[in-house]
Amino acid sequence: MSYNLLKGKRGIIFGALDENSIAWKTAERAHEEGAKFVLTNAPVALRMGTIKSLAEKTNSEVIAADATKIEDLENLIEKSEEILGGKLDFVLHSIGMSINVRKGKHYTDQNYDWTHKGLDVSAMSFHKLMQTLYKKDAMNEWGSIVALTYMAAQRVFPDYNDMADNKAYLESVARSFGYFFGKDKKVRVNTISQSPTPTSAGQGVKGFTGFMNYAEKMSPLGNATALECADYTLTLFSDLTKKVTLQNLFHDGGFSNMGVSQEIMEAMED
Ligand SMILES: NC(=O)c1ccc[n+]([C@@H]2O[C@H](COP(=O)([O-])OP(=O)(O)OC[C@H]3O[C@@H](n4cnc5c(N)ncnc54)[C@H](O)[C@@H]3O)[C@@H](O)[C@H]2O)c1
């Protein structure tokens with residue numbers, strides 16, 4: 001269903017890798033809601049080629065950018081403003097990567113080069129992105145910037161590894177930069193803390209199926225899907241949430257406020 005929520009709005013969407021990606025679903029839904037946007041991903045991800053079909057479907061252009069490189073971000077923002085015909089109303093940061101997770105390196109035995117790289121890609125890139133947008137004065141007043149995060153920033157999920165620390169940093173950057181973006185440019189900045197979701201990044205986490213099933217059984221509404229996350233993100237891009245900023249918003253079927261559920265109790269009884 002379409003509500004024309006983003007009619008006339010311009011944006012940039014980072015992180016659509018394949019059709020399971022949360023960013024992919026967000027692009028499809030933003031298109032349905034009337035937005036115009038540029039799609040971007042790291043050059044290596046673009047070489048896979050799948051994003052072309054999303055670009056065709058949503059009538060959008062693709063610009064390569066490694067989110068850790070300032071010159072790539074500058075180029076992306078300049079070109080996007082040209083292509084879209086003005087300043088931006090929304091930006092989605094949907095980027096995450098840990099080499100320690102990918103290579104099965106335990107949290108107590110980190111390869112710190114990989115830890116640095118993961119922090120840069122997953123968290124510092126959000127600061128770099130916002131700093132570039134801010135310096136270029138690329139956001140319209142009452143624009144909205146959203147990054148995706150996970151509850152391992154607040155609570156322990158042992159196999160989430162160094163991504164937990166990256167998410168804690170990401171959420172802090174949203175608040176700290178969100179203050180300046182709010183004061184100086186009337187732009188809001190929030191993070192959405194999403195349920196475990198079967199995407200390329202999600203499935204890289206060890207024991208992901210157990211993780212997902214547990215969250216499903218703990219949450220009164222069940223896990224939130226990628227499409228539902230896309231819908232929630234669109235509300236934050238719309239004019240209906242103008243005074244929501246500096247928030248970490250849980251989109252998890254209620255998981256984050258649960259102690260225990262009936263299903264988990266029953267599974268534990270002998
Ligand atoms: N899947 C889950 O369970 C889950 C839960 C909560 C939050 N999240 C978060 O949602 C976001 C999107 O992940 P997803 O689950 O859709 O997985 P995904 O693998 O589809 O998306 C991750 C994206 O990050 C991109 N990326 C990696 N390095 C990059 C770089 N240097 N520059 C630019 N882009 C780069 C990848 O190419 C990919 O498109 C991430 O921040 C992730 O941590 C995911």
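Leaving aside neighbours within four places in sequence, Thr 26 is in contact with Ile 13, Leu 92, Ala 230 and Thr 233, where two residues are in contact if their C-beta atoms, placed from the backbone, lie within 7 Å. The structure described here is a predicted model, in which local features need pLDDT of at least 70 and side-chain atom pairs count only at pLDDT 80 or more, whereas totals for chains, interfaces and linings use all residues. Residues are numbered from 1 along each chain as its sequence is written.

Thr 26 lies in helix H1, and here helices (H or I, at least four residues) and strands (E, at least two) are DSSP runs, numbered from the N terminus. Thr 26 counts as buried because 30 C-beta neighbours lie inside 10 Å; a residue is called buried if 20 or more other C-beta atoms lie within 10 Å of its own, exposed if 12 or fewer, and partly exposed in between, with C-beta atoms placed from the backbone. The C-alpha atoms of Thr 26 and Tyr 232 are separated by 9.2 Å, although these two residues are 206 residues apart along the chain.

When neighbours within four places in sequence are left aside, Ala 27 is in contact with Ile 13, Ala 16, Phe 37, Leu 39, Leu 54 and Thr 58.

Thr 40 is placed in strand S2 (residues 36-41) and counts as buried because it has 30 C-beta neighbours inside 10 Å. Not counting residues up to four places away in sequence, Thr 40 touches Ile 12, Phe 14, Val 62, Ile 63, Ala 64, Ala 65 and Leu 76, and the C-alpha atoms of Thr 40 and Asp 66, 26 residues apart along the chain, are separated by 8.8 Å. Leu 84 has its place in helix H4 and, with 20 C-beta neighbours inside 10 Å, counts as buried.

Two packed helices are described by the angle between their axes and the distance between the axes. Helix H6 (residues 112-135) and helix H7 (residues 163-185) pack at an angle of about 10°, with their axes 8 Å apart; axes are lines fitted to C-alpha atoms, for helices over the stretch in contact, and angles run from 0 to 180 degrees between N-to-C directions. H6 is therefore roughly parallel to H7, given that angles under 35 degrees count as roughly parallel, over 145 as roughly antiparallel, 65 to 115 as roughly perpendicular and the rest as oblique. By class, the contact of H6 with H7 has 11 nonpolar, four polar and no charged residues, where Ala, Val, Leu, Ile, Met, Phe, Trp, Tyr, Cys and Pro count as nonpolar, Asp, Glu, Lys and Arg as charged, and the others, Gly among them, as polar. Residues of H6 in this contact include Leu 119, Phe 126 and Met 130, and those of H7 include Tyr 169, Val 173 and Phe 177.

The ligand is surrounded by 27 residues, of which the closest are Ser 21, Gly 96, Thr 199, Ala 201 and Gly 202; a residue is near a molecule or strand if its C-beta atom, placed from the backbone, lies within 6 Å of it. At least two residues of this shell are supplied by each of helix H1 (22-32), strand S5 (139-149) and helix H8 (200-203), and the largest share, three residues, comes from H8. By class, the shell around the ligand has 14 nonpolar, 12 polar and one charged residues.
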